[in-house]
Amino acid sequence: MNKKAKRIGRRRFLKLLAGALVYAALGSAGIAAAETRRYGKLVDTTRCIGCKRCMSACKRWNGLKVDRYELITDRETDLTANNYTVVNLRVDVRNRARRTYVKWQCQHCEYPACAGVCPVTAITKLAEGPVVINEKKCIGCRYCYQACPFKVPRFDFEKRITRKCHLCYNRIPLLNYMKPACVAACPVGALSFGYKHEIIKEANRRVQRGKHTGYILGLTEAGGTDVITILPTRPQKMGLVVAPKKRISQGLDKIRISASGLLAASVMAGVMHLYAHTTQDRDND
Amino acid sequence: MIKQTLQSVLEAFEHSPRFYVWISALAALIFMAGYALLASLVLSMEILEFSIQIPWATLVSAYIWLVVAGSGLCIINALGIVFGMHRYEMMAKRIIFLSMTSILFGLTYILLHLGRPERVLIYNLISPNFRSAISWMGALYNVYLIVIVIEFWLLIRTDLVERAGRAAGLTKTIFNLLALKKLDEWRMGAVVKDPRLPRIIGTLALVTGVAALTMLGSVFAHIESRVLWYGPYYPIYFLLSALFSGYALLLAVTIITYRANGDDMLPEVKALIFEMAQVLALLLAAGFVLTTFRLITGLYNPVRQEPLMLLLTGPFSLAFWIFEVGLMSVLPVFVLIRAYRKKRLGGVLWSSLMVLTGTFVMRYVFIVAGQIYPNIKEGLPSYLPTVMEVLLIGGVFGAFLLVYTLGEKFLPLKEKGLHQP
């Protein structure tokens with residue numbers, strides 16, 4: 001075959017290019033559709049007034065217990081099986097005059113580490129975005145709490161299972177655009193709910209428009225989350241749990257770690273064989 | 001049979017007050033654990049947690065301590081049955097029985113820790129998560145338990161047949177059933193009697209046991225959010241610690257059993273015990289080297305430095321230096337060397353007990369300190385387990401000792417000479 005025949009001609013090149021474009025468009029259509037279908041929640045801490053109506057609405061919708069003082073403004077509360085969301089006052093460690101109310105809850109990771117470790121597949125990431133615990137399946141091992149980079153799922157000592165925010169998934173599938181209970185209750189518009197790509201656009205717009213430099217939490221943390229939080233400064237300066245800016249507890253990483261143990265086991269088997277071989281004469285004594 | 005068993009227990013009580021005291025003490029421990037369990041069911045499971053922020057604490061530590069030692073026994077047993085060291089085969093029955101009971105009661109600890117233990121078997125079977133180390137660990141330990149039960153049955157089958165031959169009536173039928181006497185009439189009988197079968201089953205036990213142990217280490221090592229646990233170090237260290245805690249458990253239990261029964265140890269068994277003591281000293285030294293390596297590499301790593309300082313100078317420093325370094329690594333090595341030179345079983349016993357105590361504290365520190373960082377930076381007022389936790393752990397351990405004691409009494413666990421049938 002001569003060199004000329006090997007060369008790709010102009011017509012063939014254009015055909016290949018067109019084919020590649022059509023393939024790319026068709027192939028990515030599914031992914032694009034899935035991405036646009038995904039919902040997200042925007043938490044704008046710069047607008048929050050700390051009224052805790054979101055906490056109250058969450059408890060009402062989910063039938064959770066209310067402690068006597070926890071709904072009082074400025075009262076420090078922790079996530080529990082009866083507190084799917086909390087609002088706490090956080091102070092910037094470098095500028096103590098900067099005080100912000102931070103709403104904290106499950107961040108609904110795109111690649112949830114909790115779902116990856118649950119031994120009985122009780123935790124699922126729904127296509128719409130929420131990470132949901134199946135309470136009828138949960139065995140109460142609390143492995144999800146250990147794996148969560150934000151330390152969110154909490155154990156319910158009465159029901160003996162783990163519980164957390166489910167992004168009101170039982171309101172979303174009705175397809176009547178009902179917002180999660182907390183978003184619907186917010187009186188100052190600090191919470192918004194919608195398609196995730198629109199939420200991210202809105203977060204960027206608010207930060208660019210704002211007077212101070214802001215930080216958008218959830219774009220890269222733990223590989224990206226479906227709850228986007230606008231903070232006045234970096235999370236570590238506000239005493240929040242800092243998650244690594246990458247997808248965590250991936251399958252390949254788990255295989256690498258377990259393989260190291262199996263490799264060590266094979267070395268151990270070799271040493272055992274050596275021990276048996278070199279001390280064989282003791283059996284005959 | 002029931003009448004005979006009762007009679008032998010009553011005779012044992014009559015002839016040995018020590019046995020009576022021992023059984024009563026164990027029964028008291030079990031009773032107190034029953035109280036703690038009942039209280040946790042009636043009041044709240046919260047009484048079994050020393051801090052809500054540390055959901056894995058004493059029960060999980062006790063689980064790892066006992067199960068890892070049981071897995072270590074499985075590896076030690078393979079030296080005889082799989083790798084052909086005949087002197088280790090003398091102790092095979094005791095090793096397998098001890099491994100079986102320690103894993104069974106270790107798993108009891110984890111079942112008590114779970115919120116809904118009744119769901120585990122159902123959902124781990126019908127919807128397991130292949131990405132989860134706990135799922136793999138549970139499945140592998142279940143398979144391992146089945147395999148070692150078969151292995152143990154193969155070892156004691158001859159004895160069961162002999163007992164059936166000596167007995168009459170219902171007892172004979174029960175022993176025949178336990179020995180599956182009918183198998184001899186079928187083609188399977190030849191398979192059961194095949195001398196290669198224990199080696200095959202032993203190999204299977206070794207593979208499943210080591211795989212389960214690796215997955216147990218991976219349960220912690222997979223968690224990227226826990227800096228102290230994460231990485232390939234722990235599956236390797238679990239393997240090594242399984243070996244030294246397994247040896248320590250075996251040596252302690254064997255020597256105590258012989259002393260309690262007032263039996264004379266065969267010279268070849270004694271020689272094997274001193275050989276095991278040598279191996280234990282070597283393993284402890286290797287474990288110490290691995291710990292030092294982890295500390296040095298960790299201190300140079302800015303991410304791991306802070307959690308490691310919890311062990312070195314923080315609230316766990318006392319437990320780390322006294323128990324993990326002193327009692328588990330350095331002191332027993334010297335005691336073992338001295339005991340080996342002077343051929344004293346007492347030294348071996350004390351060092352084994354030191355290793356077991358040190359290992360328990362090491363597991364506790366590993367579990368609790370691993371959860372402190374990064375989310376509880378301000379620290380907790382106390383890191384000690386609650387009374388209820390201690391009662392529950394003591395009771396399950398008491399049940400483990402009770403089953404072992406009864407096994408020792410009624411099963412042919414005692415070592416026979418190398419050339420005895």
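## Surroundings of B:G246

B:G246 touches B:A69, B:G72, B:L73, B:I75 and B:I76, residues up to four places away in sequence not being counted; contact here requires C-beta atoms, placed from the backbone, within 7 Å of each other. The glycine is found in helix α11 (residues 233-261) of chain B. Helices (H or I, at least four residues) and strands (E, at least two) are DSSP runs, numbered from the N terminus. B:G246 is buried, with 26 other C-beta atoms within 10 Å. A residue is termed buried if 20 or more other C-beta atoms lie within 10 Å of its own, exposed if 12 or fewer, and partly exposed in between, the C-beta atoms being placed from the backbone. Between the C-alpha atoms of B:G246 and B:S16, 230 residues apart along the chain, the separation is 29 Å.

The model is predicted: local features need pLDDT of at least 70, side-chain atom pairs count only at pLDDT 80 or more, and totals for chains, interfaces and linings use all residues. Residues are numbered from 1 along each chain as its sequence is written, while chains are lettered from A and ligands numbered from 1 in the order in which they are written.

The largest nonpolar core has 196 residues. Such a core is a set of buried Ala, Val, Leu, Ile, Met, Phe, Trp, Tyr and Cys residues joined through C-beta atoms within 7 Å. Helix α3 (residues 58-81) of chain B gives the most to this core, with 17 residues. Among the residues with the most contacts inside the core are A:C114, B:L59 and B:L392. B:L392 touches B:A33, B:A36, B:L37, B:L48, B:L59 and B:L112, again without counting residues up to four places away in sequence.

In helix α13 (residues 302-312) of chain B, the residues B:L308, B:L310 and B:L311 are buried. Seen down the axis of α13(B), its buried residues fall within an arc of 135°, so they line one face of the helix; the arc is that of the directions from the helix axis to the C-beta atoms. The buried residues of α13(B) pack against α12 (267-300), α14 (317-342) and α15 (345-372) of chain B.

## Contact between the chains

Chain A contributes 43 residues to the contact, and chain B contributes 44 residues. On the side of chain A that touches chain B, α4 (113-117), α5, α8 (251-278) and α9 (280-284) of chain A each supply at least two residues. The most comes from α8(A), with 14 residues. This side of chain A divides into 25 nonpolar, 10 polar and eight charged residues; Ala, Val, Leu, Ile, Met, Phe, Trp, Tyr, Cys and Pro count as nonpolar, Asp, Glu, Lys and Arg as charged, and the others, Gly among them, as polar.

## A four-stranded sheet in chain A

Four strands of chain A form an open sheet in the order β8-β1-β10-β9, with mixed pairing; two strands pair if DSSP finds at least two bridges between them. The edge strands, each pairing on one side only, are β8 (191-195) and β9 (215-217) of chain A. From one strand to the next the twist averages 20°. Strand β1 (residues 39-44) of chain A is joined to β8(A) by five bridges, and the two run antiparallel. A:V43 stands opposite A:L191 in β8(A).

Helix α7 (residues 196-209) of chain A lies across β1, β8, β9 and β10 (227-231) of chain A, at about 135° to β8(A). Axes are lines fitted to C-alpha atoms, for helices over the stretch in contact, and angles run from 0 to 180 degrees between N-to-C directions.

## Positive phi in chain A

A:R142, a residue other than glycine, has a positive phi near 65°. The place of A:R142 is in the loop between β5 (131-133) and α5 (143-147) of chain A, and the residue is buried, with 21 other C-beta atoms within 10 Å. A:K151 is not a glycine, yet its phi is positive at about 55°. A:K151 is found in the loop between α5 and β6 (154-156) of chain A, and is partly exposed, with 19 other C-beta atoms within 10 Å.

Methods. Two residues are in contact if their C-beta atoms, placed from the backbone, lie within 7 Å.
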